[in-house]
Amino acid sequence: MTRPGRSGAGSGAGRRADPREVIEAFKAAMLQEGIEPPEDIRLDTQRLVRFRAGNERGRSGFYRLHTDGIPAGVFGCWRGGIKETWCLRRETEVDPAAWAAHMARMAERKRAEEAEERDRHRRAQDKARSWLARSAAADPAHPYLVRKRVSAHGLRQSGGLLLIPVQDAEGVVWSVQTIDAQGNKRFLTGGRKGGCFSPIGLGEKPSLVMLCEGYATGATLYERTGHPVAVAFDAGNLKPVALALRARDLACRYATSIATIWRWSGQGLLPRAIKLAHGTTVWPRAELDDLDALREQGASLEQIKEAVGEVNARRAG
C-alpha cells in the first residue's frame, strides 16, 4: 500500500525535495505504522537497510529510500509482518509525465531488485545444501535441546550448531537456521524465508497442521499432541506459511489449525492469517506467555491437546 508523505514537502514537478524533509516524512510514515524508525536514515542505498525495531535483540526492521525523481521507498518489520511502500507525492500532485517517469523507474527498480533477490536465494540455497550434506544427525544431548526438553526432529548438526532446514511447501530446501548452545539463532545471509518453514511429523496429506514460530515450541506441540507442525520461524512468516500449506492441500480440503504463543503486537495478525487459510486458532491459557512455563504445567499442555482434538472432531464431522 502506497502511503504519500506530506503535501507541503517539496514539489513533484518543480524543485528537488529537501532531503531533510523527505526523511522527516518517511519517518512519520513509519511511526504511523507502529515502527520506531532509526535515528539516521540512509538515502539511495543499493539494498535494504536493516535496523532494530524498538527494543528487540535482532534487526527485523528494514527500509530503503530513494530520492531520485519523486522520493519513494519501502519500509517494514519482518517480525511484525509489516511491509509498506511510500511515496512523497500523490499522483494528483504531479504532472502526468513526471508520474509516468516515476512509475517507470519504480518498475525497473523492482525488476532489478527481484533479480538480485533470486540470485541471493540461489547462492544461499547452494550453501545450505552443501552444509546439510556435510553435517551429522543432531546430538540429542545438545545443550539447547536438553534445556528446552525436546527431541531433534529432522535436525542436523555441524560442530556446536544445530541446523534446521528451511523448506518450501513442496519440500525444496532453501536455507538453514542455526541455533548454538546458548540459543542464539541465525539464518544464512541472503537465504529465502518467506513462505518457508521447518516440518515436524508432516506427512503427505495430514488432517490437521499446527503452526508456530520457533523450533522448541513446535517440537513441544508435536511431542505432546501428536499432530504435525510447521515451524514458521517468526511472526511475520505465519501468514505466508499458512497460505502456502493451504495451497498445497486444496484438493484435500483439510483445515490448518494454528497453536502458538503470541507475543508481538497483540494477537491480531495471527487470526487474520488463519482466516485466510480457512483454519482455526487454538490458544493456550492466556496468562502463560511462554512455552517453558507451559512445559512446567501439564494441565495447560493437556488443554492444548484437548482443544486441538475438538477442532479435529469438528472438521471431521
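How many of the 317 residues of the protein count as buried, as a percentage? The figure is 47%, where buried means under 20% relative accessible area, exposed means over 50%, and partly exposed is in between (1.4 Å probe, protein chains only).

Before going on, a word on where this comes from. This is a predicted model, in which local features need pLDDT of at least 70 and side-chain atom pairs count only at pLDDT 80 or more, while totals for chains, interfaces and linings use all residues. Residues are numbered from 1 along each chain as its sequence is written, and side-chain values use heavy atoms, with hydrogens and water left out.

**The overall picture**

The protein has 8 helices and 15 strands. Here helices (H or I, at least four residues) and strands (E, at least two) are DSSP runs, numbered from the N terminus. Take the contacts (heavy atoms within 4.5 Å) with a separation of 6 or more: 54% of them are between residues 24 or more positions apart.

**A cluster of rings**

Searching the whole structure turns up 5 aromatic pairs. Rings of Phe, Tyr and Trp (its six-membered ring) pair if their centres lie within 6.5 Å; planes under 30 degrees apart count as stacked, over 60 as edge-to-face and the rest as tilted. Here are two of the pairs:

| Pair | Centre to centre | Angle between planes | Type |
|---|---|---|---|
| Phe26 and Tyr63 | 6.1 Å | 65° | edge-to-face |
| Phe26 and Phe75 | 5.7 Å | 85° | edge-to-face |

Both pairs tie together distant parts of the chain. Phenylalanine 26 sits in helix α1 (residues 19–32) and tyrosine 63 in strand β3 (residues 61–66), 37 residues apart. Phenylalanine 75 belongs to strand β4 (residues 72–77), 49 residues from phenylalanine 26. Why does phenylalanine 26 count as buried? Because its relative accessibility is 0%. Phenylalanine 75 is also at 0%, so it counts as buried, and tyrosine 63 is buried as well. Ring pairs join Phe26, Phe51, Tyr63, Phe75 and Trp86 into a cluster.

**Two nonpolar cores**

A nonpolar core is a set of buried Ala, Val, Leu, Ile, Met, Phe, Trp, Tyr and Cys residues joined through side-chain atoms within 4.5 Å. The largest one has 22 residues, and Leu145, Leu155, Leu162, Tyr215 and Val229 have the most contacts inside it. Elements giving it two or more residues include α3 (143–148), β8 (161–167) and α4 (215–225). Which element gives the largest share of this core? That is α4, with 4 residues. Tyr63 turns up again in a second, separate core of 18 residues, which also includes Ala25, Cys77 and Leu88.

Leaving out residues up to four places away in sequence, leucine 155 touches Ala137, Ala138, Leu145, Leu162, Leu163, Ile164 and Tyr215.

Strands of a sheet pair through backbone hydrogen bonds, either parallel or antiparallel. In this protein, 5 strands form an open sheet in the order β6-β7-β8-β9-β10, with antiparallel pairing. Each of the edge strands, β6 (136–137) and β10 (185–187), has a single partner strand, so one side of each is left without a neighbour in the sheet. Two strands count as paired if DSSP finds at least two bridges between them, and β6 is joined to β7 (residues 156–158) by 2 bridges. Alanine 136 stands opposite glutamine 157 in β7.

Further along the sheet, glutamine 177 is in strand β9 (residues 173–179). Glutamine 177 is buried, with a relative accessible area of 4%.
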